[in-house]
Amino acid sequence: MNSLTDTLRSLGPARLGLMGAVAAGVVVFFIYMTSRLATPDMALLYADLDPQDSGQIVSRLEQMNVGYRLSSDSGQIYVPSDQVARLRLAMAEGGLPSGGSNGYEIFDRSEGLGTTNFVQNINRVRALEGELARTIRSITSIENARVHLVMPQRALFTRDRQDPTASIVIAMRGKNRLEHGQIQAIQNLVAAAVPGLKPNLISIVDTNGNLLARTTSEEDLQGTATTAEEMRVGLERRMARTIEELLERSVGLGNVRS
């Protein structure tokens, strides 16, 4: 023991410090390598998520005791690469992601100087669609919504101008249904947010394929029956045509006269 102590003293403080630093470096290196070998390779699970969807997915991963890494700047979620497929199926069973959309924050991302006017116009439409979808989703009975805008660009040297149109797909909560007044409110909300868009050019469909509101031209609006007599005549014609079609199935096509 005395010989070891004498040997260490003979080395001097400088050599002892150097040896200690080398030993510490070796220990840190082995710890780093051990942690790297123990940590699985991470792969991208989802990107460009709505903050609400991102929070729900992270909460679900924690409940499943799955390690993850969240990129704070881009909102990307990474999980072990060998579990990506299984986790996506598990999230899909739970309705995640629910379809969150980008709004005006799309312009917060740094774009290159070479961004074309076409890309800027596309981003503007995408941002407007996302903001409108978020506003529609804020209605209590609506679980999710997607908005599609068609905003034609006026061609050069032409006087004709096409009106913008819109279509909306709505997913309801449970067995809730939209009332007529709520449908009109959504049409007017979207029309007020899009320049030149008229409420009668907005169609609304639910996720069951039910047409809640259809686009109607000005001519159709002018020709709409406004009196009880016109409505009665139109109903009688539709009923007569329905009866004719039923009878033609039995007696043959063209053998029925009203």
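I took axes as lines fitted to C-alpha atoms, for helices over the stretch in contact, with angles running from 0 to 180 degrees between N-to-C directions. I read helices (H or I, at least four residues) and strands (E, at least two) as DSSP runs, numbered from the N terminus. The model is predicted, so local features need pLDDT of at least 70 and side-chain atom pairs pLDDT 80 or more, while totals for chains, interfaces and linings use all residues. Residues are numbered from 1 along each chain as its sequence is written, and side-chain values use heavy atoms, leaving out hydrogens and water.

**Helix pair.** I found that the axes of H4 (residues 117–137) and H5 (residues 180–193) come within 11 Å and cross at roughly 150°. H4 is therefore roughly antiparallel to H5 (over 145 degrees).

I then listed the contacts (heavy atoms within 4.5 Å). Leu128, Leu132, Thr135 and Ile136 of H4 meet Ile186, Leu189, Val190 and Ala193 of H5.

**Whole protein.** I noted 7 helices and 7 strands, in the order α-β-α-β-β-α-α-β-β-α-β-β-α-α from the N terminus. Of the 258 residues, 25% count as buried (under 20% relative accessible area, 1.4 Å probe, protein chains only). Among contacts with a separation of 6 or more, 55% join residues 24 or more positions apart.

Methods. Parallel < 35°, antiparallel > 145°, perpendicular 65-115°, else oblique. Buried < 20%, exposed > 50% of the residue type's maximum accessible area, 1.4 Å probe, protein only.
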